[in-house]
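Reader: I'd like to learn how to read a few features of a protein model. Could you walk me through them?

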Amino acid sequence: MKKFLAMALVLVLAVSCLSGCGKKGDGTTKITVYRACFNLDGGPDSAQVEKVQNAINEYIKDKINVSIELHDISSGEYTDKANLALANGEIDLLWTASWEQTIGTNDLVPKKAVYDITDLLKGSTLYNSMDAGQWEATKYDGRNYFVPVYKDNVEGYDLMFRQELIDKHGWNITGIKTLADLESILADAKADGLKYPLLLQKTAMFYRFYLDKFDFFTADSASNFVAVDRATNSVVNTIQTPEYAEYAKLIARWTEAGYISEDEVTKATTDTTTQTQDWAVSWWTDIPVNDEADSRYKQDVTMQPITSRWAHSTSALGSCYCVSATCDEAKAKACIDFLGLLYTDSKLADLYTFGIEGEDFTYDANHQVKQTSTKYNHSMWESASATIVTPLDNEPANKASLYKDFNGGANTSCAAGFRFDKTPVEAELTACKNAFEQYGFPLECGGVKEADVDATIAAYQAALDEAGYQKVLAEFQKQYDAWKK
């Protein structure tokens, strides 16, 4: 009887092993994926998201032992919902970016909220999908925590104009080299009765428009009160620079003239205001194929550079994925396997980005993508590698090579590679960001009259100092000086 039981046990174990090691798709590891949706007003359709999720799982079941549970969330709700889900251990794979609030790359590492994937990357399909420089550029303290979306991994900004208005007024936008050069164009837009002659997209833009002067190495508009001055290679208090007063006064004057709406300071505009005909000029993050904006904004727009392009510490983290620290090794490896396939398989990349062929998009005669959906709609930059996502029908067929050339042609910041550890001054930094919301955001978005700018800057500095700003500034300076050595 003992021998019989022993043999039976062996048979059970053998069958279990065979069932677990059999055809791909059996015994899969399910991972929960959270991503933001930027292209749809009101957010994605949950039923269509589930349909895309199921199509993805059907496609990958014979390729990797992974299935996904996809959470596609409107960008306006994403930070709060993803942050809560991350805290509750409900996320395995998270989309994020250096510029995101509370779940940004500079928030997650100090909180130990992300999995160290360095060892899992070695020899993986995912690692080999990009050159080693991308992995080096996105390291923290020599370790990999993030998977960059291979896109425009340098930073620069353009002014964006509605082509319809360029044609109507005959604007010569190539002659615009500074913000002040916009004055006459904004006057034309106001005369046309447009609600937003200059649309700031409810964004404090000092840290973008003055990129050639400063490296804002926090990559966060709410902490743009400290930066590296490129000319002196030293940490400075930007609030006390002539450039800050210049910008705040210009924005104030334009608001009083009716060129900037009060909707900016009240944050009443949405991510889809740019899809309307209510504006004339806005801003755009420069990319190799700027025609992508035509599809995103549902109209013909034209760009004029307002800054140079820079490679710096956070530029390659403008869109990325991370694995939650709550994952065990099996789930973390499943995340790496899924991303490896996503970054190398064009059919999966298109499915994940554009949705269901024939419902959410179609391929034209050149096998380029035409997006048609109001239920599921994403862009390459927040989905997968530019080398694998099929170009849109209004983009060059050689989009992949254009991105490689674009990333290689940027200036390198003197502060490239420096990452600030906010842990020693986290409470003070948070308090300073609160001061920014009270004073800095209104100063930069037209909430202060020009005559009151100087006094408001002084009040802003006083509030910063009360919040512990001098300690923050000293810590930045200390860490940067140590890094330079």
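This is a predicted model: local features need pLDDT of at least 70, side-chain atom pairs count only at pLDDT 80 or more; totals for chains, interfaces and linings use all residues.

Reader: How many cavities of 30 Å³ or more does the structure hold, and what is a cavity?

Author: Rolling a probe the size of a water molecule over the atoms shows where empty space is left. On a 1 Å grid over the protein atoms alone, a cavity is a set of points where a 1.4 Å probe fits but cannot get out, and its lining residues have an atom within 4 Å of a point. Points are joined across faces, edges and corners, and the volume is the space filled by probe spheres set on them. In this structure there is 1 cavity of 30 Å³ or more.

Reader: Which residues line the largest cavity?

Author: They are E155, Y207, L211, D215, F216, A219, R230, H312 and T314. By class that gives 4 nonpolar, 2 polar and 3 charged residues; Ala, Val, Leu, Ile, Met, Phe, Trp, Tyr, Cys and Pro count as nonpolar, Asp, Glu, Lys and Arg as charged, and the others, Gly among them, as polar.

Reader: Is N57 buried or exposed?

Author: Buried means under 20% relative accessible area, exposed over 50%, and partly exposed in between, using a 1.4 Å probe and protein chains only. N57 has 17%, so it is buried. You'll find N57 in helix α2 (residues 46–60); helices (H or I, at least four residues) and strands (E, at least two) are DSSP runs, numbered from the N terminus.

Reader: What does N57 touch?

Author: Taking contact as heavy atoms within 4.5 Å, N57 touches S67 and I68, not counting residues up to four places away in sequence. A polar atom of the N57 side chain lies 2.8 Å from the backbone nitrogen of I68.

Reader: And where is N233 found?

Author: Look in the loop between β9 (226–229) and β10 (234–237). N233 isn't a glycine, yet its phi is positive, about 55 degrees. With a relative accessible area of 24%, N233 is partly exposed.

Notes
Residues are numbered from 1 along each chain as its sequence is written. Side-chain values use heavy atoms; hydrogens and water are left out. On a 1 Å grid over the protein atoms alone, a cavity is a set of points where a 1.4 Å probe fits but cannot get out, and a pocket is an open set with protein on both sides within 12 Å along at least five of seven lines; lining residues have an atom within 4 Å of a point. A polar contact is a pair of N or O atoms within 3.5 Å; within protein, one must be able to donate a hydrogen and the other to accept it, and residues adjacent in sequence count only if both atoms are side-chain atoms.
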